[in-house]
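Please open the model in a viewer and keep the sequence at hand.

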Amino acid sequence: MTRKKIFEKQLFSDEDGLRFATPWAVATYRAKRLKCSSLVDISCGIGGQTVYFARECDVVYAIEIEPAKIKLARKNCRLFGLDNVEFICGDALSEDVIGQIPTVDVVFSDPARAATEDKRDIYKLTPHIPDVLKAYSEKSNNFAFEVPPQLTPERIPFDCELEYLSLNGELNRLNLYFGNIKTCNRSAIALPGPIKLCGKGEHIEEIKITDTKEPGIYLYEPDPSIVKAELLPELMTELSGEVSIFRMDNKRLMLTSNILVDHPMMKNAYRMVFSAEFIPSTINSELKKQGYGKVLLRAEVDPVMYWDVRMELEKGLKGKRKAILFAREKEAYLCEKIL
């Protein structure tokens, strides 16, 4: 299911403009991070990010190759009452366009990419990151790029900060920062906070990761930005060794502890109620005894069998409590969400 994007105002858009436009919470955060006197916004599209840059910067140079999108971006800037954006229609790498750009504080680029790919490739973005760095090297030392968040750190061959960003607990963006706006090698941002966690760089080997095959009383889902940025060691260090990693299944890496811990980078927290062999009828009997009425299935189950399993788990349940079922191999863990 595709989540509906939320915008501060209803933007003027063409058929695909809103699909690629930046949600307002993300646009606001990124504009504040890149706040400066002058900024170039390459591939501005309908201006979903441009308007927030213009709120924070004295002047914004917005470049877009499609005339129709430039018109929409102008209308959206007027919608927000902004008049400090200079629009340039053309190829951002052409001498004509580059010649219209003075020395600026920051160059931001949101390269075009295929709507879907079997595997995201950073070299399939247009314009290419190395080309932008070279073309605008005399305009600024500070560059920021938005790239697909599916890219893992080892697939990004640049000396920059990799900032994985989540919105309301879902992975949303990956920003790359070059120059003086780089603050560390890898970082995770959870919005709407914002809550930030930076990598420890060369000291990462000093951090020990503890795995366990048996969960404790509490289970936690770390924010996806933490997992994608590979910052679990740093998170566990902040938790002072109170938690261990519990690899639930191929999709779910969780943390667990016997003492309740609270951290803003925890997406969800659960209390273990009981565990049992994953036999729906047996679990159903125990759920009845404990007064449950619904079961949320969070386990790897054949999609064809999902509703049959769900119906058997909930058969005859009349209580008001809701259980969340996780599973590891043949063992089921019934939990209640607490945070």
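Begin by selecting Lys 196, which is partly exposed, with a relative accessible area of 37%. The model on display is a predicted one, and every stop below should be read with that in mind.

**From Lys 196 into strand 6**

Because Glu 161 belongs to strand 6 and Lys 196 to strand 9 (residues 195-198), the pair ties together parts that are 35 residues apart in sequence. Is Glu 161 buried or exposed? With a relative accessibility of 0%, Glu 161 counts as buried.

Next, select Glu 163 and Arg 33. These two also form a salt bridge, with 2.9 Å between the closest N and O atoms. The bridge links distant parts of the chain, since Glu 163 is in strand 6 (residues 161-167) while Arg 33 is in helix 2 (residues 24-33), 130 residues apart. Both Glu 163 and Arg 33 are buried.

Remain in strand 6 and select Tyr 164, which has its place there. Tyr 164 is buried, its relative accessible area being 0%. To move on to the next stop, draw a distance from the C-alpha atom of Tyr 164 to that of Leu 79: the two are separated by 30 Å and lie 85 residues apart along the chain.

**Helix 4**

Now select residues 67-79, which make up helix 4. This helix of 13 residues reaches 19 Å from its first C-alpha to its last, close to the 18 Å expected at 1.5 Å a residue. Within helix 4, colour Lys 69, Ile 70, Leu 72, Ala 73, Asn 76 and Cys 77, which are buried. Turn the view to look down the axis of helix 4: the buried residues fall within an arc of 165 degrees, so they line one face of the helix. An α-helix has 3.6 residues a turn, so residues three or four places apart point the same way.

On the other side of helix 4, Pro 67, Lys 71 and Arg 78 are exposed. What covers the buried residues of helix 4? Helix 3 (50-56), strand 2 (59-64) and strand 3 (85-89) are included in that cover. Just after helix 4, select Gly 81, which takes a positive phi of about 70 degrees.

**The nonpolar cores**

Select Ile 63, Ile 122, Tyr 136, Val 147, Ile 156, Leu 176 and Leu 255. In the largest nonpolar core, which has 48 residues, these touch the most other members. Apart from this core lies another, of 36 residues, including Ala 31, Cys 44, Tyr 52 and Ile 189. In soluble globular proteins, nonpolar side chains tend to be buried together.

Then centre the view on Leu 255. Beyond its neighbours within four places in sequence, Leu 255 is in contact with several residues, among them Tyr 218, Pro 222, Leu 239, Phe 246 and Met 266.

**Further salt bridges**

Select Asp 249 and Arg 252, which form a salt bridge with the closest N and O atoms 3.0 Å apart. Asp 249 is buried at a relative accessible area of 17%, and Arg 252 is buried, with a value of 17%.

How many salt bridges does a search of the whole structure find? The search finds 18.

Conventions
Residues are numbered from 1 along each chain as its sequence is written. This is a predicted model: local features need pLDDT of at least 70, side-chain atom pairs count only at pLDDT 80 or more; totals for chains, interfaces and linings use all residues. Side-chain values use heavy atoms; hydrogens and water are left out. A nonpolar core is a set of buried Ala, Val, Leu, Ile, Met, Phe, Trp, Tyr and Cys residues joined through side-chain atoms within 4.5 Å. Buried means under 20% relative accessible area, exposed over 50%, partly exposed in between (1.4 Å probe, protein chains only). Contact means heavy atoms within 4.5 Å. Helices (H or I, at least four residues) and strands (E, at least two) are DSSP runs, numbered from the N terminus. The expected span of a helix is 1.5 Å times one less than its number of residues. The arc is that of the directions from the helix axis to the C-beta atoms. A salt bridge is a side-chain nitrogen of Lys or Arg within 4 Å of a carboxyl oxygen of Asp or Glu.
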